[in-house]
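The sequence and structure are shown below.

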Amino acid sequence: MKLSYVERLRSMAAAGSSTVVCLLGLTGCHSYPPPTPLDQLTAQQTRGHEVFEQHCSLCHYDRSDGSLHGPSLLSMYKKPYLHSGAPANDDRVTETILHGHNLMPAQPNMDPEDLNDLLAYLHTL
Ligand code: HEC
């Protein structure tokens with residue numbers, strides 16, 4: 001017998017797939033605290049937001065869910081793992097930016113200060 005789409009989602013949810021549970025809206029996908037409002041950012045975080053707009057916003061949403069070319073970075077440091085399953089920490093994110101990751105192009109020439117400011121901003125998401 002062919003299961004309906006919803007039935008299949010249900011059985012996957014029962015099997016413990018949190019993504020599917022999210023899709024069904026049964027539990028909080030949005031259980032993380034919201035990003036710091038832009039008008040409450042420190043000077044460094046505000047500079048980091050500008051770096052984000054310049055170097056990342058083409059491919060990533062920062063303040064909303066959903067993928068663009070890459071996964072949304074909303075709540076990225078509030079979750080234990082990045083999209084790939086790698087730990088969400090500055091070392092890993094710095095490496096991703098400088099060396100790229102699969103379809104994400106490397107940005108090896110990013111100014112170290114810009115990178116620091118950017119990381120500070122990403123922590124507010
Ligand atoms: C040209 C598009 C593009 C740009 C520009 C871009 N990214 Fe990405 N990014 C991607 C794609 C595509 C992925 C998914 C890569 C994969 O398959 O794992 C990704 C993945 C990531 C990940 C998740 C890595 C992981 O281990 O899961 C982080 C964090 C990230 N990008 C941050 C950034 C930041 C910060 C910037 C700005 C400096 C940026 N990206 C710029 C396309 C882009």
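## Helices H3 and H5

The axes of H3 and H5 approach within 7 Å and cross at roughly 100 degrees; axes are lines fitted to C-alpha atoms, for helices over the stretch in contact, and angles run from 0 to 180 degrees between N-to-C directions. H3 is therefore roughly perpendicular to H5, a class that covers 65 to 115 degrees. Helices are DSSP runs (H or I, at least four residues), numbered from the N terminus.

On the H3 side, Gln44, Gln45, Arg47, Gly48, His49, Val51 and Phe52 meet Asp114, Asn116, Asp117, Leu118, Ala120, Tyr121 and Leu122 in H5, where contact means heavy atoms within 4.5 Å. The residues of this contact comprise 6 nonpolar, 5 polar and 3 charged. Ala, Val, Leu, Ile, Met, Phe, Trp, Tyr, Cys and Pro count as nonpolar, Asp, Glu, Lys and Arg as charged, and the others, Gly among them, as polar.

## Basis of the model

The model is predicted: local features need pLDDT of at least 70, side-chain atom pairs count only at pLDDT 80 or more, and totals for chains, interfaces and linings use all residues. Residues are numbered from 1 along each chain as its sequence is written, and side-chain values use heavy atoms, with hydrogens and water left out.

## Helices H4 and H5

The axes of H4 and H5 come within 11 Å, crossing at roughly 125 degrees. H4 is therefore oblique to H5, the term for angles that are not roughly parallel (under 35 degrees), roughly antiparallel (over 145) or roughly perpendicular.

From H4, Asp90, Val93, Thr94, Ile97 and Leu98 meet Leu115, Leu118, Leu119 and Leu122 of H5. This contact consists of 7 nonpolar residues, 1 polar and 1 charged.

## The largest pocket

The largest pocket holds about 1,400 Å³ of space. A pocket is an open set of points on a 1 Å grid over the protein atoms alone, where a 1.4 Å probe fits, with protein on both sides within 12 Å along at least five of seven lines; lining residues have an atom within 4 Å of a point. The volume is the space filled by probe spheres set on the points, which are joined across faces, edges and corners.

The lining has 42 residues, with His60, Pro71, Ser72, Leu73 and His83 nearest the centre. Helices H3 (43–55), H4 (90–99) and H5 (112–122) are the elements giving two or more residues to this lining. H4 supplies the largest share, 4 residues. By class, the lining has 23 nonpolar, 16 polar and 3 charged residues.
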